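Subject: Structure handover

Dear colleague,

I am passing on the structure that we talked about, and below it you will find what came out of going through it. Please keep it open beside this message while you read.

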Amino acid sequence: MQFVGVGAALELRDVPGPEPEAGWVVLDVEAVGLCHTDIHVLHGAIPGTPVPITLGHEVAGTIAVLGAGVDGFRVGEWVVLAIDSVRGALADDWSLVPGIRYDGGYAEQVLAHEGALVRIPDGVSFAQAAVATDSVATAYHAVRTIGEAKAGQTAGIIGLGGLGLMGAVVADICGCTVYGVDINTGTFDAARGFGVRECYTDIGELAAVAPDLIVDFAGVGSTTADAGAVVRAGGRIVLVGLGRSETAVRNADLVNRMIQLHGSIGSEPEEVRQVLDLIAAGRMQPVLEEVPFETLPESLGRLERGEVVGRLYTRPRA
C-alpha cells in the first residue's frame, strides 16, 4: 500500500520483491501497526520522505532471506524491526526507518537492517510485537526514561488513545498513582482497567492532585500549556503528541515554579526488548483491533479522527 503524494489516497500496487544487500534481511510481514506518523506522512509533514513509498514502520514477521554477512539470525526466526528513534533524532539520520526513508511494512515483505532486529519472546503474538515496536515503546520511553517516573509519584496522562493507554500502564508499573485526561469519555473504562485511578475531561481538574509528572500524548497546544498550570512546582512535563505544530507554555509557570519541559520521540531497541519482555510476562497487554489490509486508507482516517481505542494493526499476508 503506497503513498503517492500529498492529497492522494494510498494506492494498492504490485511492486518487485525486496533484495537484501549485505547486512540486511527480508522479512515476511506477519503484522504491521497503524500509526499517527503515517498520517503525518500523508499530510506532507515529514520532510525527506520519498514518493512513492510503501508506508508502515511497526513491523513484526519472520526472516525470509539473509543478506551477505548476516550471521546473528537465521531464516524463520520471529523478529520485530526496532526503530532507534532516539539515535535518528539526535543524529538527524532516519535512513534505517521503513515507511519513512524506504519501503515499509504495508506489504507482504520488507527489508530490515540486521542492527534493527529484535527477537520476539515466547508468548508474544506478531500483533502485540508489531505495536510494541513504536506505540508501546514510545510510551515506555516517554514515561520511564524521559519522565523518570518513580514509585510514590503522581502521574497525569493527557490523551488516552493508543499511546496514552500504554503510558498509563507504564506509569502504573513504575509505581505511580495515575490520573488520565481525555475529551473522549469512551476511553475512560479502558483507562481504569489499566490502573488509572480517575479520569477527567478537563486538565484543570488535575490541579487537585498536582502531579509530579504529566505526559502529554495529545500535544494540541493548549494541553501542554494547561499542564504547566497544574503540575507541581519543580515537576516535569513530557510532550509526545504532535496534534498541533506549536504550543505556548506560560513563562511564569516554567520560571517561577521551576517546571521542566521535555520532548520525547520513539525509543531505543533495548527499550523495545524490555517492552516485549513485559508483554511476555503479562504485565502489559496492548488493546488491539485488526483491520483488513484493503481498508488501510479508511482505517487511517479513523485513527486521524480519534475514533480508535487502543491500536490498529493489519496482516498484509492474510
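A pocket, as the word is used here, is an open set of grid points with protein on both sides within 12 Å along at least five of seven lines, and its volume is the space filled by probe spheres set on those points. Please bear in mind throughout that this is a predicted model.

With that in hand, the second largest pocket has a volume of about 490 Å³. Its lining consists of 22 residues, and those that lie nearest its centre are V15, P16, A107, E108 and Q109. Strand β6, which covers residues 109–113, supplies the largest share of this lining, namely three residues. Sorted by class, the lining of this pocket has 12 nonpolar, five polar and five charged residues.

Next comes the sheet. Six strands form an open sheet with parallel pairing, in the order β10-β9-β8-β11-β12-β13. Its edge strands are β10 (196–200) and β13 (260–263), each of which pairs on one side only, and neighbouring strands are turned against each other by 20° on average, if direction is ignored.

Two packed helices are described by the angle between their axes and the distance between the axes. For helix α3 (residues 126–146) and helix α8 (residues 269–280), the angle is about 110° and the axes are 8 Å apart. Because angles of 65 to 115 degrees count as roughly perpendicular, α3 and α8 are described as roughly perpendicular to each other. Among the residues that make the contact are A132, V136 and Y140 of α3 and V275, L276 and I279 of α8. By class, this contact of α3 with α8 has 10 nonpolar, five polar and two charged residues.

Finally, there are two details of the backbone. Most residues other than glycine have a negative phi, and most peptide bonds are trans. V51 and P52, however, are joined by a cis peptide bond, with omega about -5°, and P52 lies in the loop between α1 (36–42) and β3 (53–54). A210, a residue other than glycine, has a positive phi near 45°, and A210 is found in the loop between β10 and β11 (213–216).

With best wishes

How values were computed. Residues numbered from 1 in each chain as written. Predicted model: local features only at pLDDT ≥ 70, side-chain atom pairs only at ≥ 80, totals over all residues. Heavy atoms only, no water. Axes fitted to C-alpha atoms, helices over the stretch in contact; angles between N-to-C directions. Helix = DSSP H or I, 4+ residues; strand = E, 2+ residues; numbered from the N terminus. Parallel < 35°, antiparallel > 145°, perpendicular 65-115°, else oblique. Contact = heavy atoms within 4.5 Å. Nonpolar A, V, L, I, M, F, W, Y, C, P; charged D, E, K, R; others polar. 1 Å grid on protein atoms, 1.4 Å probe; cavity = no way out; pocket = protein on both sides within 12 Å on 5 of 7 lines; lining within 4 Å. Pairing = 2+ DSSP bridges.
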